[in-house]
Amino acid sequence: MKDLLLWDVLPSVATYYICRALGVPEYAALIAAVSVGFLRVLYVAIKKRRFDGFAAFTAFVFGMGLLLSLLSGDEKFLLAIKSLTTAAAGLILLGTCVTGRPAAFAIAKRFGAEDEATVQRWDALYTAEPTFRRIYVVMTVVWGTALLLESAVRLPLVYLLPTDVMAGLSWVLLIGTIALLGAWSAWYGKRGEARAARLAR
């Protein structure tokens, strides 16, 4: 989460406000901020020689925001795209529960597993223990629902508040929601893993 905030969010936000301080119009400043975010994702993918699902989704968010904003010419629409994308992510998360492979499990392995041994242990528990699988179904439902609610709150604010306010506040709402979800997931997942491990003995 710390890396996400420092490297994937702050450069875009800083770019916007630096541009505004230099007298750049709101729309052009937002285009610059989104471009920085998109280039950051591409740089990491090239440097690590890996373009996994999370990076691909992030690139999609920035890329679609950039493309649609260039076509629309409206800074409010560019901010609204972020809310719509968050809502789409929430729906996708809920959809993975229907397919039988809740996305929270993959996310937990990527950001929560300490090493490869932890990943293998989780995979074994996921295969053998229904209780363990249920943990990630619940987590996925909570994440998907929370992102939909966050989007529902943020979208009206885009059109009610000044662009200079929402350019930063939009990220605060999103990162704040993700941080709270991350903290809850760490607690809930650790408790559930311990319970599943006890049942497996």
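Guide: In this predicted model, Trp122, Leu125, Tyr126, Thr127 and Ala128 of H6 meet Pro130, Phe132, Arg133 and Tyr136 of H7, where contact means heavy atoms within 4.5 Å. The residues of this contact of H6 with H7 divide into 7 nonpolar, 1 polar and 1 charged; Ala, Val, Leu, Ile, Met, Phe, Trp, Tyr, Cys and Pro count as nonpolar, Asp, Glu, Lys and Arg as charged, and the others, Gly among them, as polar.

Visitor: At what angle do H6 and H7 pack, and how far apart are their axes?

Guide: Helix H6 (residues 116–128) and helix H7 (residues 130–160) pack at about 105 degrees, with axes 5 Å apart. That makes H6 roughly perpendicular to H7, a label used for angles of 65 to 115 degrees, while those under 35 count as roughly parallel, those over 145 as roughly antiparallel and the rest as oblique. The axes are lines fitted to C-alpha atoms, for helices over the stretch in contact, and the angles run from 0 to 180 degrees between N-to-C directions.

Visitor: Before going on, what should I know about numbering and confidence?

Guide: Residues are numbered from 1 along each chain as its sequence is written, and side-chain values use heavy atoms, with hydrogens and water left out. As this is a predicted model, local features need pLDDT of at least 70 and side-chain atom pairs count only at pLDDT 80 or more, whereas totals for chains, interfaces and linings use all residues.

Visitor: OK, zooming out: how many helices and strands are there?

Guide: The protein chain has 8 helices and 0 strands, these being DSSP runs numbered from the N terminus (H or I, at least four residues, for helices; E, at least two, for strands). Of the contacts in the protein chain with a separation of 6 or more, 74% are accounted for by residues 24 or more positions apart.

Visitor: And how much of the chain is buried?

Guide: Buried residues make up 39% of the 201 residues in the protein chain, with buried meaning under 20% relative accessible area, exposed over 50% and partly exposed in between (1.4 Å probe, protein chains only).

Visitor: Which residues touch the most other members of the largest nonpolar core?

Guide: Tyr16, Leu30, Leu78, Leu79 and Val158 do, out of the 13 residues in that core. The elements giving two or more residues to this core are helix H1 (2–21), helix H2 (26–48), helix H4 (75–99) and helix H8 (163–200), and the largest share, 5 residues, comes from H2. Apart from it lies another core, of 12 residues, among them Ala89, Leu93, Leu147 and Trp171. A nonpolar core here is a set of buried Ala, Val, Leu, Ile, Met, Phe, Trp, Tyr and Cys residues joined through side-chain atoms within 4.5 Å.

Visitor: Is Ser83 buried or exposed?

Guide: Ser83, which is found in helix H4, is buried, with a relative accessible area of 0%. Not counting residues up to four places away in sequence, Ser83 touches Ser151, Arg154, Leu155 and Val158.

Visitor: What about Gly189, what does that residue touch?

Guide: With residues up to four places away in sequence not counted, Gly189 touches Ile135 and Met139. Gly189 is found in helix H8 and is buried, at a relative accessible area of 10%. Its C-alpha atom is separated by 7.8 Å from that of Tyr136, 53 residues apart along the chain.
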